[in-house]
Amino acid sequence: MEKFDVIVVGAGISGCATAYSLANAGAKVAIIDRYGPAAMASGWTLAGVRQSGRDPAELPIAMEAVGIWQTLHEDLGKPTHYSQRGNLRLARTESEYEQIKMLVASQREQGLDLSFLPDNAAVRAVAPAVSEAILGASFCPTDGHADPQATSAAYVDALVKLGVTLIMGEAVEKLDVESGKVCGVSTASRRIAADRIVLAAGMFGNDLLKQHGLSVPIEPPMVTVIRTAPLPPVLDQVIGVCGGDWAGRQEVTGRLRVTSGALTWNGKITTIETANGLRPIIRPPLSSLMEVIDKLGQLLPGLETALIEECWAGLLDLTPDALPVLDHAPGIEGLIVGMGFSGHGFCLGPVTGRILSDLALDCQRKDLDAFKFDRFERLDRKASLELHG
């Protein structure tokens with residue numbers, strides 16, 4: 001039985017970035033996923049790289065992540081199609097206008113370069129495609145977006161070059177624990193040994209934790225995503241709205257990628273065979289498509305006539321405070337958990353990888369109290385949900 005220093009469970013951006021950081025630190029690493037790289041949240045995402053609108057506890061690591069994104073394509077040796085053209089959060093009503101004013105003031109106090117655009121002319125000077133009905137907006141010029149598939153492919157290529165063992169299309173069925181310490185994982189066909197495990201399996205993480213009496217409190221709403229056929233350049237920024245019920249951006253290919261807010265999921269996942277193996281599919285209801293298109297027409301008039309090329313739904317691993325768990329699992333030596341990114345973990349991926357790698361290698365990392373496993377016992381609030389990054 002082959003043994004590794006660390007097994008990473010989950011090959012989304014967080015898992016791939018963790019394996020990358022571990023391998024660069026000299027660890028012998030395997031990464032395993034039941035489907036394949038970016039098969040779920042990391043591939044379904046809008047792929048915003050956003051600092052604005054973050055919880056105060058999360059803002060510093062989002063700012064750190066943006067610093068990494070600047071040169072990530074150079075580090076990985078492949079394009080991520082990262083673009084730093086800003087993020088606009090639009091106010092549609094007087095109430096939203098006041099909320100955004102307060103958000104800007106608060107986040108500027110935390111050191112974020114965030115401006116308040118006080119009228120429609122100021123908004124349209126930044127993004128001419130925005131509707132004349134928009135009252136104002138926040139604008140963060142250092143926010144941006146990247147391409148999730150290209151980023152995933154870049155990480156995978158780098159992992160192969162670093163000698164990381166990739167085990168794709170094989171589900172972990174059990175975390176093997178002996179005398180309170182991890183010793184590997186079991187799949188349907190084999191056991192794989194390791195001294196440390198990083199659990200970055202998104203929605204499937206609790207299936208493995210519950211076998212050991214643990215769980216992260218997660219709700220699984222879904223988000224509808226529509227991608228259009230290619231259009232001429234019309235939008236540089238990521239566009240969101242106060243309240244997080246719609247977001248959109250234009251990809252490097254010219255396609256618009258637009259999303260709904262959080263919706264109730266019916267619990268159904270189907271799978272299809274693709275050139276890259278089995279992949280999960282969640283089908284959105286027609287009503288959600290209509291809502292996304294209607295809001296697109298209200299916010300970016302004229303673009304609602306674009307041809308639809310593809311649509312899908314993605315799941316969120318939503319925690320009560322909309323912050324992830326980045327911590328050692330209580331009572332199990334050698335198990336590190338990275339879960340609950342609540343729809344905005346793509347931006348954080350590169351720094352999440354460093355954090356989880358540091359935890360696995362027993363390196364000291366400050367200011368992680370807000371991401372502790374056991375914090376939910378003390379939680380007295382429910383956070384609002386932001387989805388575009």
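Reader: Is Leu88 buried or exposed?
Author: This is a predicted model, where local features need pLDDT of at least 70, side-chain atom pairs count only at pLDDT 80 or more, and totals for chains, interfaces and linings use all residues. Residues are numbered from 1 along each chain as its sequence is written, and side-chain values use heavy atoms, with hydrogens and water left out. Buried means under 20% relative accessible area, exposed over 50%, and partly exposed in between, with a 1.4 Å probe and protein chains only. Leu88 has 0% relative accessibility, so the label is buried.

Reader: Which strand holds Leu88?
Author: Strands here are DSSP runs of E with at least two residues, while helices are H or I runs of at least four, numbered from the N terminus. The run covering residues 87–91 includes Leu88, and that run is strand 4.

Reader: What separates the C-alpha atoms of Leu88 and Val123?
Author: Along the chain, these two are 35 residues apart.

Reader: Which residues is Leu88 in contact with, leaving aside neighbours within four places in sequence?
Author: Contact means heavy atoms within 4.5 Å. With those neighbours set aside, the list for Leu88 is Leu117, Val126, Ala127, Ala137, Ser138, Phe139, Gln237, Val238, Ile239 and Gly240.

Reader: Zooming out, how many of the protein's residues count as buried, in %?
Author: The count runs over the 389 residues of the protein. The buried share is 56%.

Reader: And what % of the contacts with a separation of 6 or more comes from residues 24 or more positions apart?
Author: Take the contacts in the protein with a separation of 6 or more. Residues 24 or more positions apart account for 73%.
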